[in-house]
Amino acid sequence: MTLTCPNCGNDRNFQVKTLRMHVVHLEENRVEVSDETRPALLEVLCDECESALPFEELDANLRKEVLLTIGAR
């Protein structure tokens, strides 16, 4: 498994941007989380040059590993 930025050659550090929704409710003087979704992956960027990487074009095993690691869907 390998992931390499086509612009700068970085193959170590990447930014994985996700979106996660939380439903909270107030109970007396506390805030409680009543529901939360698994994070949805929005984009993958090179951490060096911030170029967007085509996540959907990566090897299926690498995509699966990234999604499992961050707990995304």
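**Pocket, salt bridges and cysteines**

Reader: Which element gives the most to the lining of the largest pocket?
Author: Helices (H or I, at least four residues) and strands (E, at least two) are DSSP runs, numbered from the N terminus. One of these elements supplies five residues to the lining of the largest pocket.

Reader: At what pLDDT do side-chain atom pairs count?
Author: Residues are numbered from 1 along each chain as its sequence is written, and side-chain values use heavy atoms, with hydrogens and water left out. This is a predicted model: local features need pLDDT of at least 70, totals for chains, interfaces and linings use all residues, and side-chain atom pairs count only at pLDDT 80 or more.

Reader: How much space lies in the largest pocket?
Author: On a 1 Å grid over the protein atoms alone, a pocket is an open set of points where a 1.4 Å probe fits, with protein on both sides within 12 Å along at least five of seven lines; lining residues have an atom within 4 Å of a point. Points are joined across faces, edges and corners, and the volume is the space filled by probe spheres set on them. For the largest pocket this is about 240 Å³.

Reader: Which elements give two or more residues to that lining?
Author: The lining of the largest pocket has 13 residues; Leu3, Phe14, Val16, Leu62 and Val66 lie nearest its centre. The elements with two or more residues there are β1 and α1 (60–70).

Reader: How many residues of the lining of the largest pocket are nonpolar?
Author: Ala, Val, Leu, Ile, Met, Phe, Trp, Tyr, Cys and Pro count as nonpolar, Asp, Glu, Lys and Arg as charged, and the others, Gly among them, as polar. The lining of the largest pocket holds three charged residues and one polar. The nonpolar count is nine.

Reader: How far apart in sequence are the parts tied together by Lys17 and Glu43?
Author: A salt bridge needs a side-chain nitrogen of Lys or Arg within 4 Å of a carboxyl oxygen of Asp or Glu. Lys17 and Glu43 form one, at 3.7 Å, N to O. Lys17 lies in strand β1 (residues 14–19) and Glu43 in strand β4 (residues 40–46), so the separation is 26 residues.

Reader: In which strand does the partner of Arg20 lie?
Author: Arg20 forms a salt bridge with Glu36, with the closest N and O atoms 3.5 Å apart. Arg20 is in the loop between β1 and β2 (22–27), so the pair ties together parts 16 residues apart in sequence; Glu36 lies in β3.

Reader: Which residue joins Arg30 and Glu32 in a network?
Author: The side chains of Arg30 and Glu32 meet in a salt bridge of 2.9 Å, N to O. Their network of salt bridges also includes Glu27.

Reader: Is Cys46 buried or exposed?
Author: Buried means under 20% relative accessible area, exposed over 50%, and partly exposed in between (1.4 Å probe, protein chains only). Cys8, at 40%, is partly exposed. Cys46, at 0%, is buried.
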